[in-house]
Amino acid sequence: MPNSNPAQPAHGAEIAVEFDPVGAPGVFTAIAEVVGDLSPWAMSRTVTETTPHGRKIDVKVTGVLKRAPMSVEVNFLFDNETHDHLTGVQKLMLDNTFTGFRFKGAPLANGDPTDTIIGSGWVSNFKQMNPAVDGPRKAQLDIELSGNMYIGGVLYGT
């Protein structure tokens, strides 16, 4: 009997970054120890009411597509090459590096690779969290995209 639940597992999603966008463009490295919920960029459009006095129902227009920052939480590893200030996301933040980011949904049983969003932007926030008593060191980083992006291999934003 086939599974009647169409829900898909989320565990195993990945966020990766191009650490060398000039020397090795298109080479993405997964950010280590990602924990918590991973939500790809929320998208929205501003809606503006434009109803003239002669209408008896509202009329609206929408603006450009906007993306909110993606917030990522990691178990912070001070000397990990994807986290540190020498080669990792902290370095991208410190140097204000504009680079590529890739979000991949959890692997599907059929190996479908299309659940992917790729765009370019910056690490716009990096915050370490060190609990006073219990729990691991963590860090939160925000990624802000700018310009075109690919969703499932289809280019948007041109």
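**A loop residue and its setting**

Author: Let's begin with E33, which is partly exposed at 41% relative accessibility. Here "buried" stands for under 20% relative accessible area, "exposed" for over 50%, and "partly exposed" for what lies in between, with a 1.4 Å probe and protein chains only. Please keep in mind that this is a predicted model, where local features need pLDDT of at least 70, side-chain atom pairs count only at pLDDT 80 or more, and totals for chains, interfaces and linings use all residues. Residues are numbered from 1 along each chain as its sequence is written, and side-chain values use heavy atoms, leaving out hydrogens and water.

E33 sits in the loop between β2 (29–30) and β3 (34–35). Its phi is positive, about 60°, although E33 is not a glycine. N96 also has a positive phi, near 55°, in a residue other than glycine. You will find N96 in the loop between α1 (89–95) and β7, and N96 counts as exposed, at 55% relative accessibility.

The chain has 1 helix and 10 strands, in the order β-β-β-β-β-β-α-β-β-β-β along the sequence. Of its 158 residues, 27% count as buried.

R102 lies in strand β7 (residues 99–104). Its side chain makes a polar contact with the side chain of E14 at 2.9 Å; such a contact is a pair of N or O atoms within 3.5 Å, where within protein one must be able to donate a hydrogen and the other to accept it, and residues adjacent in sequence count only if both atoms are side-chain atoms.

The largest nonpolar core has 21 residues, and I15, W41, V72, L141 and I143 have the most contacts inside it. β1 (14–17), β6 (70–75), α1, β7, β8 (116–129) and β9 (138–151) each give two or more residues to this core, with the largest share, 5 residues, coming from β9. A nonpolar core is a set of buried Ala, Val, Leu, Ile, Met, Phe, Trp, Tyr and Cys residues joined through side-chain atoms within 4.5 Å. Leaving aside neighbours within four places in sequence, V72 is in contact (heavy atoms within 4.5 Å) with residues including V34, I15 and L141.

Note on methods. Helix = DSSP H or I, 4+ residues; strand = E, 2+ residues; numbered from the N terminus.
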